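User: I have a model open and would like to go through its inside. Can you take my questions as they come?

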Amino acid sequence: MALDRKQKAFRYFPIMPIDANNINFEQAIVRLLVLLHTNGKQITRTGRDVLYPENLVDILKDNTKYFEGITDPIRERLMKNWISADYATTIIEGKGRQGKPRISNLKPLHISTIKLLDPRIRSQDRDASVFLYNVFKGDGGSSAKNYLMDFLIEGTKKEGSFNLVTDEERFNNLDIETQFLLRILDSFRVDNPSTREKEVPGFKALCEAQQKQFFYDIILILVYKNNVPRRELFHYLTVLLNFHCALFVMKTFNQINSIVDTQKSKCSLCKSIAGGIDFNKLCKCDFQPKIFVDLTLGQDKICDMLSRRSVDVNYNEMFRYFKSHYKLVKIAEFAATKGQKDLGPEQLIGFLNHPDLNGHFSYELSRIIADPDMEDNENLQEILKMEIPALDKYIEILCNEPANWKLRTRNHKSMMTSLCNMNRDDGFLEGGRGRKRKYVLGNVLLEVLVQLAVVSADPSKGFRTQPITIVSFVEWLKNRYGIYINEWPNGSDSPETAKALTNNFNALKDRLRQLGFYTDLSDASNSQVIKPRFKVEPE
């Protein structure tokens, strides 16, 4: 169908702040640090020369006050390779693979790493950083943000409005790796955000309970800041943010579909969730995604099949979401003609009863029908015969255009591949390259979830780690995140399925044993305990 670019426009920030496409989550974290530091302003310009890893080696050689021993080409090459591998993210200049690697950004191990962010290099964070910043800016996010900022800025202090310098009084409290990093960064300044740049657009999540859970998990993982090496803890933090972004997107699919179908976006249960143990109620939320993970590595065919079916269920919601999203986008375009811009989904749905809505989209349909390329289009003629409102006919035309539907599908699958970290140890999706997708649980993500589960909060004393039973952990995963291991979300009376679910539970025990969290003491379920790797006591 000869639909133009404006007619097929899909992106609408107030509905889905993350642009559907392949996402580089490291870039999202780096730009989140910028937004947290500048209170929502982006750094879009720099007067700094292009940097290469060897430039940082030169800084080390020249700084004889803090560094010594880089006296020959072999050691210089070792330092360059170490910086390139462990500290810097580089891209190849020019076409092909013959160019020189230049520094795009430093790996986000401290907020001072934003000094070497190169805004001239195109980002692929797809506004995930803007979404995360809005989460911290939302109601109740100040405590989580302050707790996070205390960790991010450790060992440095502000100089002027934006620059960061080493805080010599607290410097010796840092680990040697962070000390090394900060001494290199002493030679640079934080670029100022452009005075012409406005704060990034605001976004309010539909589910406040999910946002509260996000805050709570950030605080829980930062409980380990005095026990876990900074690099490892920052990796935990990145995995957790990535995981929550994936859950947010999946839940949003369900909520937007519900808004369009029933004008309902919130359940009464989520409104009652305040924090702590209340998050165990999330499994009963009308919009919580249900994720059955296969932990048997495909060895149990029933678990393998159930996991693939679970992906199909959630992806079918995603495909329905395309139409729901398009409907709200077109309503937003209509609302803009009435002087109402940037409305949220709950406000947009109120325009369905506007007396001018049908006339507006009847006119839009007439423009499509008048296109000579549409005269012999059988799909179009069938849609026009349908006894549905003009808006719905318009949406059907958009979604039945093959190239447009293919683009929406490809972009959203790419987004889910990135957010679920497909085929990676820190993700929960597997497949691609001809294999049907299924849910799994990577070892790194499993480790992060265990580290969260063993932390308990005492309102009067603070946080501590303590052992929990494996049965409790499995219930905790289901109740808080919709991750199912030893039961099928819709229930099953089949003996074969029951046996498969037992195999999946036993596979979890094997994985926990391999990660060092669990040792068999007896067959009694109350003796099958996950032990914390790090001991944390209330301060």
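**Cavities, a helix and some buried residues**

Analyst: Helix H5 (128-137), helix H9 (208-222) and helix H10 (230-262) each give at least two residues to the lining of the largest cavity. Helices (H or I, at least four residues) and strands (E, at least two) are DSSP runs, numbered from the N terminus. This is a predicted model, where local features need pLDDT of at least 70 and side-chain atom pairs count only at pLDDT 80 or more, while totals for chains, interfaces and linings use all residues. Residues are numbered from 1 along each chain as its sequence is written, and side-chain values use heavy atoms, with hydrogens and water left out.

User: Which helix gives the most to that lining?

Analyst: H9, with three residues. The lining consists of Phe-131, Val-135, Ala-205, Cys-207, Gln-210, Gln-211, Phe-214, His-244 and Phe-248. On a 1 Å grid over the protein atoms alone, a cavity is a set of points where a 1.4 Å probe fits but cannot get out, and lining residues have an atom within 4 Å of a point.

User: What volume does the largest cavity have, and how many cavities of 30 Å³ or more are there?

Analyst: The volume is about 90 Å³, and the structure holds eight cavities of 30 Å³ or more. Grid points are joined across faces, edges and corners, and a volume is the space filled by probe spheres set on the points.

User: How do the lining residues divide by class?

Analyst: Six are nonpolar, three polar and none charged. Ala, Val, Leu, Ile, Met, Phe, Trp, Tyr, Cys and Pro count as nonpolar, Asp, Glu, Lys and Arg as charged, and the others, Gly among them, as polar.

User: Back to H5. How many of its residues are buried?

Analyst: Nine of the 10, so H5 is largely enclosed by the rest of the structure. Buried means under 20% relative accessible area, exposed over 50%, partly exposed in between (1.4 Å probe, protein chains only). The buried residues of H5 include Phe-131 and Val-135, and both of these also line the largest cavity.

User: What covers them?

Analyst: The cover includes helix H2 (25-38), helix H6 (142-152), H9 and H10.

User: New topic. At what angle do H12 and H20 pack?

Analyst: Helix H12 (residues 301-337) and helix H20 (residues 495-514) pack at about 90°, with axes 8 Å apart. They are therefore roughly perpendicular, a class that runs from 65 to 115 degrees. Axes are lines fitted to C-alpha atoms, for helices over the stretch in contact, and angles run from 0 to 180 degrees between N-to-C directions.

User: Which residues of H12 make the contact?

Analyst: Ile-302, Cys-303 and Leu-306, against Glu-496, Thr-497, Ala-500, Leu-501 and Asn-504 of H20. Contact means heavy atoms within 4.5 Å.

User: What does Asn-314 touch?

Analyst: Leaving aside neighbours within four places in sequence, Asn-314 is in contact with Met-250, Pro-289, Lys-290, Ile-291 and Tyr-439. Asn-314 lies in H12 and counts as buried at 10% relative accessibility.

Technical notes
On a 1 Å grid over the protein atoms alone, a cavity is a set of points where a 1.4 Å probe fits but cannot get out, and a pocket is an open set with protein on both sides within 12 Å along at least five of seven lines; lining residues have an atom within 4 Å of a point. Angles under 35 degrees count as roughly parallel, over 145 as roughly antiparallel, 65 to 115 as roughly perpendicular and the rest as oblique.
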